[in-house]
Amino acid sequence: SDGEPSARFFVDELTAEPENTTRFLPRTDWDTFCNQNGRPEGKILITLVLFIYAASVVPDSLLMFFRVSGGSNTTYSKINSLRQIIWEQNDDSVLQQIGYKIDRYMNTGYICLLYSIMLFILFNTPLVLDLILNALAIEFIHRIDEELADADWWDEGNRWIRAGTAELVIQGTLRLEVMKNPKRLCKMYDIDPKEYKEALGNASLCDERCAERDEASWDYLSEKEWIFRKNAEVAKRLDNDYALLEFTKPNTQFGYFAGFLVKLGLRKSGVFNRYHAYRTWSRWEKILFLPKIPDHMDDFENKNTLNKKKIKGWATEDSDYVEFGKHVTSVLLGRDVIQSVMLSIEHGHAFQIPLRIVIGVLEMFFYAIQVVFPFFIASCFFIIPICY
């Protein structure tokens, strides 16, 4: 034996008798936690672990924090930046909102919280071997989900991430939620409601039946599409399946599960046909030129008199780090929650308000953990010699 007890006994403070309960962790009151009973080699080992955390975990977590916010120049960061735009526009579904924020939590405060809990466990671990095993265990827990996502069988050729990114571009650019609502469409694109009503009545640009009619019509085909349809008809008449596949758009499904959903009738179309209902070309043709040209377009020739603050969507001239700092400050002060709730009210999505409040509060919590984590690691260098 190395002189350390193999088990800890907890004594009742009133009777001085051993308690008949088994504890997963020792008492967490300060006298028990800060008892200075640790072995010297244990202090050295924990100090080395802290140096590893300070040199590796802290910089990695801060860099990931920056990437998740969309400020970095990496592909992942740019996708997150696009995702943030859709969140701010309130153009995403409830499941998209939940998945997006869970991904953000898991890549920010969750990592810091995981390592903080592990440090607490290490401080309460008397045996040197247990210290080593616990320190290795946290690395396994932290890396397991990343290793699964990088596996070849998980998303071969990054098909899902590419399709998802294309979907984000469509959502962020076309504003699909706006296309469903004529009032919001007229307000956003400065269309006279009377002119819109004369053109389409109360109909929106999203209509599955109208899309099917327009798709079947020859009037809205490009030259290439016209040739392909003619060839497809010939191939069908000649029972040439290979030629038919060449000249028709396949209903692509990724994976067996997606195909199973189609067979059950839970999903009608493939990955790239989700927005078929918006292909109402006959309606687009009637309202495409109704929006008015913005007045400030005339000012672009004279940039000195151009008031950029009045132009929605004008790119900021601040550096990525300044924008990152503004974003973090806005989240921690709760401004993001308020803006998110106000946006849901403006768009008539009152049912999303409780969800957005919960998501915003959780984001504040995880951001706070992320900001405090480097200071916590620094303070541990002083706590070890005093308490362990």
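Analyst: This is a predicted model. Let us begin with a loop residue: Ala-277 is found between helix 14 (255–264) and helix 15 (281–287).

User: Is Ala-277 buried or exposed?

Analyst: A residue counts as buried under 20% relative accessible area. Ala-277 has 11% relative accessibility and is therefore buried.

User: Which residues does Ala-277 touch, not counting those up to four places away in sequence?

Analyst: Its contacts are Leu-205, Cys-206, Asp-207, Glu-208 and Ala-211. The C-alpha atoms of Ala-277 and Cys-210 are separated by 7.7 Å, although these residues are 67 apart along the chain.

User: How should I read a salt bridge?

Analyst: Side chains of opposite charge can pair when their charged atoms come close. The structure holds six salt bridges. In one of them, the side chains of Arg-283 and Asp-207 meet at 3.2 Å, N to O. Arg-283 lies in helix 15 and Asp-207 in the loop between helix 10 (193–200) and helix 11 (208–216), so this pair ties together parts that are 76 residues apart in sequence. Arg-283 is buried at 14% relative accessibility, whereas Asp-207 is partly exposed at 24%.

User: With which residue does Arg-356 form a salt bridge?

Analyst: The partner of Arg-356 is Asp-92, with the closest N and O atoms 3.7 Å apart. Because Arg-356 lies in helix 18 (residues 353–387) and Asp-92 in the loop between helix 3 and helix 4, the pair ties together parts that are 264 residues apart in sequence. Both Arg-356 and Asp-92 are buried.

User: Over which ring does the charged end of Arg-356 sit?

Analyst: The charged end of Arg-356 sits over the ring of Trp-87, 3.8 Å from its centre. Another case is Arg-229, which lies over the face of Trp-218 at 5.2 Å from the ring centre.

User: How is a pair of aromatic rings described?

Analyst: Such a pair is described by the distance of the centres and the angle of the planes. A search of the whole structure finds 12 aromatic pairs. For Phe-66 and Phe-324, the ring centres are 5.3 Å apart and the planes stand at 90°, so the pair is edge-to-face. Phe-66 lies in helix 2 (residues 40–68) and Phe-324 in helix 16 (residues 320–332), so the pair ties together parts that are 258 residues apart in sequence. Phe-66 is buried, with a relative accessible area of 11%, and Phe-324 also counts as buried at 18%.

User: Which residues make the nonpolar surface patch of about 560 Å²?

Analyst: The patch is made by Val-94, Leu-95, Ile-98, Ile-102, Met-106 and Phe-351. Leu-95 belongs to helix 4 (residues 94–106) and counts as exposed at 71% relative accessibility. By contrast, Gln-89 in helix 3 (residues 75–89) is buried at 16%.

User: What describes the chain as a whole?

Analyst: There are 18 helices and zero strands in the chain. Of the 388 residues, 32% are buried. The chain exposes about 25,500 Å², of which carbon and sulfur atoms supply 61%. Among contacts between residues at least 6 apart in sequence, 65% join residues at least 24 apart.

Conventions: Residues are numbered from 1 along each chain as its sequence is written. This is a predicted model: local features need pLDDT of at least 70, side-chain atom pairs count only at pLDDT 80 or more; totals for chains, interfaces and linings use all residues. Side-chain values use heavy atoms; hydrogens and water are left out. Rings of Phe, Tyr and Trp (its six-membered ring) pair if their centres lie within 6.5 Å; planes under 30 degrees apart count as stacked, over 60 as edge-to-face and the rest as tilted. Helices (H or I, at least four residues) and strands (E, at least two) are DSSP runs, numbered from the N terminus. Buried means under 20% relative accessible area, exposed over 50%, partly exposed in between (1.4 Å probe, protein chains only). A charge sits over a ring if NZ of Lys or CZ of Arg is within 6 Å of the ring centre and within 35 degrees of the ring normal. Contact means heavy atoms within 4.5 Å. Accessible areas come from the Shrake-Rupley method with a 1.4 Å probe; for residues, only the protein chains shown count as cover. Patches are made of residues with over 30% relative accessible area and no salt bridge: like charges are joined within 9 Å, nonpolar side chains (Val, Leu, Ile, Met, Phe, Trp, Tyr) within 5 Å. A salt bridge is a side-chain nitrogen of Lys or Arg within 4 Å of a carboxyl oxygen of Asp or Glu.
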